[in-house]
Amino acid sequence: MIIAKDISKKIGKSVILKDCNLRVKPGCFTAVVGPNGAGKSSLMKILSGEIASYSGSIRINGKNIHHYKSKELSALRAVLPQHTIVNFPFTVEQVIEIGRYAHQTTTATNQKIIEEVLRLTGLTDFKNRLYQTLSGGEKQRVQMARVMTQIHDFSPEPKYLFLDEPTSSLDLAQQQSLLGLAKSLTQKNVGVLAILHDLNLATQFADEMLFLKKGETIAVGKAEVVIKQDIIEETFNHPVRIINDNGQKIIIPDSGIQNKSENLNAITYGHIN
Amino acid sequence: MELNLKLVKGKYAFSFILLTGILLGLLIISLGIGALEITPLEILKIFANHLGIFETPVDNTMELVIFNIRLPRLIFTMLIGASLGLSGATLQGLFKNPLVEPGIIGISSGAALGAILVIMVLERFFPEILGIARQWFIPVFAFLGGIIATIMTLKISQFEGKTKVTYLILAGVAMTSLASAIIGIAIFYADDAQLRTFTFWTLGDLSVATWDKLAILFPITSLSVIVLIILAKPLNAIALGEAEAFHSGVAVEKVKFVAIVFSALAVSTAVAFSGIIGFVGLVVPHIIRMCFNADHTIVLPASAIGGACLLIFADIFARTLVAPAELPIGVITALIGTPFFIYLLITAKKKRLI
């Protein structure tokens, strides 16, 4: 388990994160939601070890994050970025192979893991294609395969996968398939932490959720407990409705169109009068 | 799967066998060509005789030409070509940008400036300090000039801890112009005995090779080549982005530091001895990537061999086309390299490789 305790971060006088407490459990999909500037990315960078200046403590599998060497840490947790640009003609397989950098495993073992991940992600036929020639969705799937390769291991230790707004350049089917892959990893003792912009994707996949606003925690806990109208409205400063479709909650933000058309009518009438 | 592994290894071996073959061919041609033509058979005989493998009567003049003139120049050219090709490949990988080359980020002109300052200032005012250490002073100051120019370029182009490539290239252009201007002033005040012509520094010259210079060039170049080639795997990860490389377990800052210092060392030393030879560092890594693979475990060593091949090839023309005079080597590298590069650009564009 990753236990983050009282994480605070300031840049100059502005507060980026304030006393954030979060647990990323193996076997669990945790979603972080909140408006832009809520501190979601900073939190993820702190948890991944990318940002080292903050207050509070982080323990991964019982050990303080600072006591891990960077290669040890990388064998435990992988990070899928929003999108990755590669300026050189790497093949899909070469990109995926980078996931094994931190491991001391043999070439044959690595090859076996890569084949397995290629199969799981449906990329077997793509392995000799050049990364640059792929579409946005395909590229993201290759990156997913790379991070899966990174945390693929035979040890019983729990692993973690962080996803930083992974679906922002994907279409509907690609979003479902990518998050579906991430969700399937939770059955293999992986803890998933995902920053998601789309609340409905979050409610669909998350077991636990963290609502952040201007660095402060609005709510944290089991998804079915924290997905509430007042919590969402407070977090995003926007009115929403929640409807229940066969047990799945669907969040509909108020579009304000009703009001606008009333205003428009008023203006029109005003003009005529 | 086994087959696949074999294929990968086969491709790897193939690229090196091919390149080494080309290099060996060029070595023999280069030793044989010149005012005195020497056939490959005679070259073999001379070497066999010299190494004591078997005794055979050889032409003394030929032996002298080979061991005193052509061989040192050939090794010199090979080492400088390898330095330029490998540093180009390393820096392109490090900055994730195919436009970067040692000349563009200021290493070359900084190094030239350092070397010129030693010759101008130290030699004029403190000749006693120089003494026998002169041979070493020039590469040391060239290295200092190269590394200072590089660090300044990097500092200017850094923004919130990240290197922006647009700024990097602009800052490099600025550093290069500044260094060139100072070199221009230095040359203006120099007398003929102190400095060779402006051409030496701007277009390079390989005719200055001697065994003494090789004694310095060889260890520095070998060290840089070994260190840089070790960086291949982390450079593959950095090609995805610095954050991605960090998450994969790469000590990014350490790799960056080592890559820059040893690229600067290799290029500065090359510049100190042969002036600025452009184009090799830019074009060779591209040719390698397009012909073989973008994997740095192939690109780095292959760029070293490829750089040596290109420079030896260019040098053959430089010293034979207008014999007994010589064309500046930089002119030839550009003349040979550019059309080939343009051809590759057009085909790569069609395949959407760039």
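Predicted model: local features only at pLDDT ≥ 70, side-chain atom pairs only at ≥ 80, totals over all residues.
Strand β7(A), which spans residues 159-164, is joined to β6(A) in the parallel sense over four bridges. Within this pairing, Arg77(A) stands opposite Tyr160(A) of β7(A), and Leu80(A) stands opposite Leu163(A) of β7(A). The pairing of β7(A) with β8(A) is also in the parallel sense, and it runs over six bridges; here Tyr160(A) stands opposite Gly191(A) in β8(A).

Strand β7(A) is mostly covered, since six of its six residues are buried. In a regular strand the side chains alternate between the two faces of the sheet. In β7(A), Lys159(A), Leu161(A) and Leu163(A) lie on one side, while Tyr160(A), Phe162(A) and Asp164(A) lie on the other, and both faces are covered, with all of these residues buried.

The buried residues of α1(A) are Lys40(A), Ser42(A), Leu43(A), Met44(A), Ile46(A), Leu47(A) and Ser48(A). After α1(A) comes Gly49(A), which has a positive phi near 90°.

The contact between the chains draws 27 residues from chain A and 25 residues from chain B. On the side of chain A that touches chain B, at least two residues are supplied by each of α2(A), residues 70-76, β6(A), residues 77-80, and α4(A), residues 107-120. Of the elements of chain A, α4(A) gives the most to this side, with four residues. By residue type, the side of chain A that touches chain B divides into 11 nonpolar, 12 polar and four charged residues.

Chain B has 15 helices and two strands as its secondary structure. Of its 354 residues, 46% count as buried, and among the contacts in chain B between residues at least 6 apart in sequence, 77% join residues at least 24 apart.

In soluble globular proteins, nonpolar side chains tend to be buried together. The largest nonpolar core in this model has 168 residues, and those with the most contacts inside it are Ala31(A), Leu161(A), Ala112(B) and Ala115(B). Helix α3(B), residues 60-94, gives the most to this core, with 14 residues. When its neighbours within four places in sequence are left aside, Ala112(B) is in contact with Ala179(B), Ile183(B), Trp201(B), Val271(B), Gly275(B) and Ile276(B).

Two packed helices are described by the angle between their axes and the distance between the axes. Helix α3(B) packs against α13(B), residues 280-291, at an angle of about 70°, and their axes are 7 Å apart. Because angles of 65 to 115 degrees count as roughly perpendicular, α3(B) is roughly perpendicular to α13(B). In this contact, Gly81(B), Leu84(B), Gly85(B), Ser87(B), Gly88(B), Ala89(B) and Gln92(B) of α3(B) meet Val280(B), Gly281(B), Leu282(B), Val284(B) and Pro285(B) of α13(B). The residues of this contact divide into six nonpolar, six polar and no charged.

Elsewhere in chain B, Lys254(B) lies in helix α12(B), which covers residues 252-274. Lys254(B) counts as exposed because it has 11 C-beta neighbours inside 10 Å. Between Lys254(B) and Phe313(B) there are 59 residues of separation in sequence and 36 Å in space, taken from C-alpha to C-alpha.

Conventions: Residues numbered from 1 in each chain as written. Chains lettered and ligands numbered in written order. Contact = placed C-beta atoms within 7 Å. Nonpolar A, V, L, I, M, F, W, Y, C, P; charged D, E, K, R; others polar. Pairing = 2+ DSSP bridges. Core = buried A, V, L, I, M, F, W, Y, C linked by C-beta atoms within 7 Å. Buried ≥ 20, exposed ≤ 12 C-beta atoms within 10 Å, placed from the backbone. Axes fitted to C-alpha atoms, helices over the stretch in contact; angles between N-to-C directions. Parallel < 35°, antiparallel > 145°, perpendicular 65-115°, else oblique.
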